[in-house]
Amino acid sequence: MEYSSIAQRKQDQLWERIPQEWRLAQDKIPPGMHSPAESVTNVQYDRVNVMDIPRSCGLLSPKEIEITERWDITACSPTSSRIGRPPPPHRLPNWPSSGLPVSVKDSFNIRGVDSTVGIAALALHPSEKDAPLVSLLQSLGAIIIAKTNVPQTMGALDSANHVFGRTLNPRNRQLTAGGSTGGEGALLALRGSMIGFGTDIGGSIRVPAMCNGLYGFKPSQGRVPYGGQTDGQPVAKGRISIQAVAGPIAHSVVDINAVMTHLIPRAQWFGEDCIPGAWPSPLSSFGRKSRPITIGVLPSDGIVEPLPPISKVLNEVAAALRRTPGVNVVQLPVPKALPKCQALAGRLMGVDGGIKMLDLVESTGETLIPWLKGRTKRGRPLLLSQLAELQATRGDVELELRRELWMYGSTGHEQTVDAIIHPVAPHPVPELDRYNAVGYTSSFVLLDYPAGTVPVRNFGRDDLENGKEMEARVIGSWDKANRELWNEKTVDRTVYLDSPLSVQVITPKQHDYELYQAMELIDRAIKTDRSKL
């Protein structure tokens with residue numbers, strides 16, 4: 001079948017399953033959202049914040065609004081769910097127990113439900129079994145209330161496809177919701193789920209969290225079950241190239257801790273790709289050492305210089321940490337090996353030449369979405385010798401960065417830096433299809449460092465710096481493209497007003513509990529600092 005016919009059938013199927021009393025009025029639905037092809041390419045969206053729709057749509061009672069906006073997952077586990085938001089609970093057991101509403105990225109297989117990953121050829125083919133993470137969540141009493149939208153192929157940082165259309169950022173329809181877990185980010189931002197799960201190989205948990213003002217947690221490999229997904233890739237590709245991981249997007253650090261407390265100890269019994277783990281980690285020395293907790297500030301990836309508001313918010317967080325008792329902040333130089341990571345990650349992601357994925361896309365006559373055009377083409381699969389050489393280089397880079405980042409200033413072999421703050425991206429939340437540099441997030445998948453997103457504040461008028469352009473020398477093509485997101489000749493900077501600004505928090509490999517501790521410390525420092533203003 002031709003892809004537009006498949007998309008229409010899928011849209012009709014979904015619409016028929018939504019009870020009439022749960023449907024939004026037509027005037028509340030953004031133009032083009034019932035026509036996937038139109039919403040991907042032809043619609044010009046206005047600069048509208050729709051975060052208030054859940055309060056004004058008339059579907060929710062005041063009590064339901066209070067529960068969905070103010071309660072966290074340790075307090076509320078509703079026993080039933082309605083489309084859009086969970087209703088009030090019939091009883092309120094603590095997690096884990098019956099009824100916690102959870103959403104997952106489209107790629108996670110659920111028995112009887114499609115996993116399209118935004119490709120028409122994979123639609124209308126229900127999965128035969130649940131993904132291990134889905135089974136684990138259900139064993140804890142969670143209810144999977146929705147699967148959420150992704151970009152075509154899951155290989156883009158803007159969530160649009162010809163099957164379901166484009167996911168819009170509820171804070172501003174002109175800005176991206178991020179990808180590839182963009183649907184999850186938008187749903188969580190609108191409080192449509194208590195907690196959601198995505199995957200991350202290039203930034204697909206951390207980027208949507210940044211774009212929607214949420215907390216994202218990318219764990220190390222083996223911590224959360226990843227298998228049992230449809231991704232359009234050759235089977236077990238991640239075993240020989242670069243391995244994606246699964247993790248939560250949440251409304252708070254508290255919620256991340258609450259869910260990981262129950263997932264980490266059980267993961268090894270559900271996912272063949274998981275290792276034994278404990279949460280809290282008995283090995284964590286975070287905050288227990290004789291020296292202060294040391295947070296390193298890593299200002300750049302060495303390839304793309306952050307735009308002024310990104311450097312500004314990173315410095316604000318560093319200043320807040322310097323005012324926090326028991327915390328030492330050090331400025332890290334950009335390691336020489338760090339710029340190598342982006343190219344290495346890119347080559348390892350493309351070891352198969354993208355042939356199977358593009359065969360699926362082309363089998364129904366699909367065209368590539370705007371973000372992928374010019375970025376995606378068929379390649380030649382790597383030879384075993386080429387792959388081995390890449391992995392050997394990766395090992396050298398891992399060792400070099402371990403010394404330069406975590407043993408910074410050490411004269412021996414001890415760890416001196418406990419966590420790092422770094423931009424999630426070198427630019428604010430960009431307009432649709434304009435997300436630029438993935439190296440700020442993909443590098444830490446290559447290195448297998450746990451990394452998370454912590455929202456700081458919204459973009460304000462003081463951040464516009466009208467009439468002032470960047471004067472530093474352009475580093476290269478990626479840096480040049482990034483500056484187009486700030487140059488007043490190529491962008492109206494006011495589009496960024498009220499969009500969320502975030503920082504990325506990073507810890508060493510397998511120090512996942514320490515990442516949670518660092519995120520909690522940094523989040524608290526930010527909020528304490530803001531309360532004094």
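Let's start with the binding site: UniProt, in an unreviewed entry, lists M154, S180, I201, G202, G203 and S204 for it. Keep in mind that we're looking at a predicted model. These residues span 51 positions in sequence, yet no two of their C-alpha atoms are more than 11.3 Å apart, so they gather at one spot.

Let's visit two of them. M154 sits in the loop between β2 and β3. Is M154 buried or exposed? With 14% relative accessibility, M154 counts as buried, because the cut-off for buried is under 20%. Among the residues M154 touches are K105, S180 and D231.

Now find S204, in the loop between β5 and α7. S204 is buried too, at 6% relative accessible area. Its contacts include K105, S180 and T199. And which side chain does the side chain of S204 meet in a polar contact? That would be S180, at 2.9 Å.

On to the aromatic rings. The model has 9 aromatic pairs. In one of them, W279 and Y516 are tilted, with 6.0 Å from centre to centre and 45 degrees between the planes. This pair links distant parts of the chain: W279 is in the loop between α8 and β8, Y516 is in helix α15, and they are 237 residues apart. W279 is buried at 7%, and Y516 is buried at 14%. Together with F217 and Y513, W279 and Y516 form one aromatic cluster.

Last stop, two arginines with tryptophan rings. R375 lies over the face of W371, 3.9 Å from the ring centre. R493 does likewise with W486, at 4.1 Å from the ring centre.

Note on methods. Residues numbered from 1 in each chain as written. Predicted model: local features only at pLDDT ≥ 70, side-chain atom pairs only at ≥ 80, totals over all residues. Heavy atoms only, no water. UniProt positions renumbered as here; feature names shortened; annotations may be inferred. Helix = DSSP H or I, 4+ residues; strand = E, 2+ residues; numbered from the N terminus. Buried < 20%, exposed > 50% of the residue type's maximum accessible area, 1.4 Å probe, protein only. Contact = heavy atoms within 4.5 Å. Polar contact = N/O pair within 3.5 Å; in protein donor to acceptor, adjacent residues only side chain to side chain. Phe/Tyr/Trp six-rings, centres within 6.5 Å; stacked < 30°, edge-to-face > 60°. Lys NZ or Arg CZ within 6 Å of the ring centre and 35° of its normal. Lists of a residue's contacts leave out its neighbours within four places in sequence.
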